[in-house]
Amino acid sequence: MEKQVLIETQLFKGGFKQLVENLKPSGAGNPMVEGIMATVEVKNGNGRYYKRDIWEREMERYQESIDQNRSLGELDHPETTVINLKNASHCVKKLFWDGNHIMGEIEILPTPSGNILKTLLENGITMGVSSRGMGTLSPMGEGMMEVQDDFELLCWDFVSTPSNPGSYMAPI
């Protein structure tokens with residue numbers, strides 16, 4: 001089976017409001033946000049199910065990108081495996097577990113896309129984060145597709161409506 005790009009967004013269903021007044025700056029003076037990046041072993045809004053061991057492996061692998069300060073993401077999900085530097089808006093600075101949630105801290109960069117993201121956040125716009133990766137899916141039943149062991153995390157992108165439950169960012 002050929003790998004496909006797996007992006008995690010869904011249609012907006014409303015019901016969530018977040019007010020952002022003061023974004024705390026990073027060491028470089030850039031705004032920082034935090035929140036749920038992914039949740040393991042639940043059906044997400046796209047009907048996908050990720051096993052914990054897949055995310056544990058991918059978090060360990062992604063940590064190298066964080067350590068090398070190259071864990072970039074984009075504003076909106078492009079349907080490509082390439083993270084385009086000209087479209088970079090943020091850099092993931094930290095990932096950690098909180099129960100079944102992967103939590104993260106993200107620095108908003110002073111790039112054209114990052115400035116759009118910062119302006120949206122400063123004006124109280126609720127922003128979500130969503131994984132982008134490559135992999136195959138296998139039917140589980142009940143409208144669920146299981147992400148297979150060949151999954152490779154590429155990055156997390158900012159989106160208007162994440163498919164992962166509760167993956168909205170808040171200022172640190």
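Two strands count as paired if DSSP finds at least two bridges between them. Strands (E, at least two residues) and helices (H or I, at least four) are DSSP runs, numbered from the N terminus. The model is predicted, so local features need pLDDT of at least 70 and side-chain atom pairs count only at pLDDT 80 or more, while totals for chains, interfaces and linings use all residues. Residues are numbered from 1 along each chain as its sequence is written, and side-chain values use heavy atoms, with hydrogens and water left out.

In strand 6, histidine 101 is the bridge partner of aspartate 98. Strand 5 (residues 88-98) and strand 6 (residues 101-108) run antiparallel and are joined by 8 bridges. They belong to an open sheet of 5 strands with antiparallel pairing, in the order 4-5-6-2-11. Strand 4 (72-74) and strand 11 (170-171) are the edge strands, each pairing on one side only.

Helix 1 (residues 52-67) packs on this sheet and touches strand 2 (32-39), strand 4, strand 5 and strand 6; contact means heavy atoms within 4.5 Å. The direction of helix 1 makes about 130 degrees with that of strand 5. Axes are lines fitted to C-alpha atoms, for helices over the stretch in contact, and angles run from 0 to 180 degrees between N-to-C directions. Helix 2 (residues 112-122) also packs on the sheet, touching strand 2, strand 5 and strand 6, and its direction makes about 65 degrees with that of strand 5.

Most residues other than glycine have a negative phi. Glutamate 142, in the loop between strand 8 (137-141) and strand 9 (144-147), has a positive phi of about 55 degrees.
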